Structure formats: C-alpha cells, structure tokens
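Hi,

Here's the structure I promised to pass on.

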Amino acid sequence: MTQSISISRIHYPIHSLGFGTRVGVWFQGCQIQCPGCVSRDTWAAGTDPISLDQLTQTLAPWTAQADGLTISGGEPFDQPDAVAALVDWWRTKNVGDVLLFSGYSAEVLWTRHSDIVSKLDVLISDPYDAKQPQTQPLRGSDNQRMNLLTPLAAERYASLDDSPALDLCFDDDTVWIAGIPKPNAMAEIRKRLAAMGFAAGTSDQLLDGVRG
Ligand code: SF4
C-alpha cells in the first residue's frame, strides 16, 4: 500500500472506546475544530505522515486477539482515502467490529463517503457541542448520534451501559488518557494528580502553556 496517513496515536489495548478489547487509531488533523474540544493537539493536519504499510505492520500483531478497531481523531474523514484503505485492510485481518468517531453528520458522510460508511459497523457522528449535556455512552455531547449499521453493531452496542471508563495508556515516557471523560472529570484528575505532586492537563491547556 502506498497510501500515506497522518496519525496522532495508536494503542492496544483500549477498553473505553467500544466493545471489548480494541485497537485504537487516532487520525491527525481536524478541519471541524469544535469549540471546547479536548483533543486540540490533533487539529494540525499533515504532520509526520507515514505509509499505511508502516501503520499496518504495527497493528498486525494485535489483530488476532482484538474485539474490534476504533478509529478516532482528529477527524478521520479529513483523510478519506486513508480511512478506506485502513478499514479494507482491517477487514482482511479481523472479524470484529469497526467503530469510527466523526464530527461530520451521518447525512453528510452518507452523501460524500457512502463507500466507506457502508463498511463500518458503528458510526458516532456529529460535532462535539460543549453546551449540550453528556449522558450517552461513547458520546462527548448528547447531540452526537450512535449509528448502528450492522447486526453485529446492534448485538454489541444497542444496550451498552454508560460506563465512565477511561484508559490510562503508557507510551515510552508519556502517560495519556483515552476515552470520553465525564464533565469535570479532567479537573478532578488534575486535582488528584496535583495532590500527589504530578502535573497534568488536557491538550488544549498544554497548547496554551497552562499546566494543571
Ligand atoms: S471533537 Fe472531534 S471533530 Fe470536534 S474538533 Fe475535536 S477532534 Fe475535531
């Protein structure tokens, strides 16, 4: 595969962003730029592109045991060819579900990228809205929709509980949190870490030079 792709992060295992134990791929670059997004570090496009071959070589050892693939960002559909190639490759390796988070509406995505959407099991659609409450599983704000596109998706996600789980991920000398924090959760985590002598912040705070 010669397709290049800008990636913010990859990680295995991830438990907070879908059914079971998952491979997580976070795309780099987001044109939507929702006010209040906690992933501002993923907005800049085109940073450090790698080949899809490089990406899939890293993911390959995890495919046998994973329950599925979660694609997030950033905005995956800002790199539609890369999403398509990644999903096609995953389908040759794993029969689990593919869940994708996008800030575009489902209607826009079905119009522009039906070839890709039709290969997903779950599409979490619509932009984050900081003014909305957050009470639904796998959604940062309640305007976002969980589109269950296949029988496997219905089986796994129709009665998903509203677990507040977050993943604590260790990559070399970096510790980061994956998942969808409840309102004020990050402030509480910062407070507890500060009490233990550690500094922490969301990516928007770190970009602004503010530490917790
Ligand atoms: S919430 Fe998602 S779509 Fe919205 S700005 Fe952040 S990364 Fe982009």
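Let's start with a pair of strands: β9 and β10 run antiparallel to each other, paired over six bridges. Strands here are DSSP runs of E with at least two residues, helices are runs of H or I with at least four, and both are numbered from the N terminus. Two strands pair if DSSP finds at least two bridges between them. Across this pairing, L166 sits opposite G179 in β10. The hairpin has two residues between its strands, and D172 takes a positive phi near 50° there.

Before you go further: this is a predicted model, where local features need pLDDT of at least 70 and side-chain atom pairs count only at pLDDT 80 or more, while totals for chains, interfaces and linings use all residues. Residues are numbered from 1 along each chain as its sequence is written, and side-chain values use heavy atoms, with hydrogens and water left out.

Next stop, L168, which lies in strand β9. Is it buried or exposed? L168 is exposed, because its relative accessible area is 53% (buried is under 20%, exposed over 50%, partly exposed in between, with a 1.4 Å probe and protein chains only).

T150 lies in the loop between β8 (145-148) and α4 (151-157). T150 counts as partly exposed because its relative accessibility is 22%. T150 and D97 are 53 residues apart in sequence, yet 9.1 Å apart in space, C-alpha to C-alpha.

Happy exploring!
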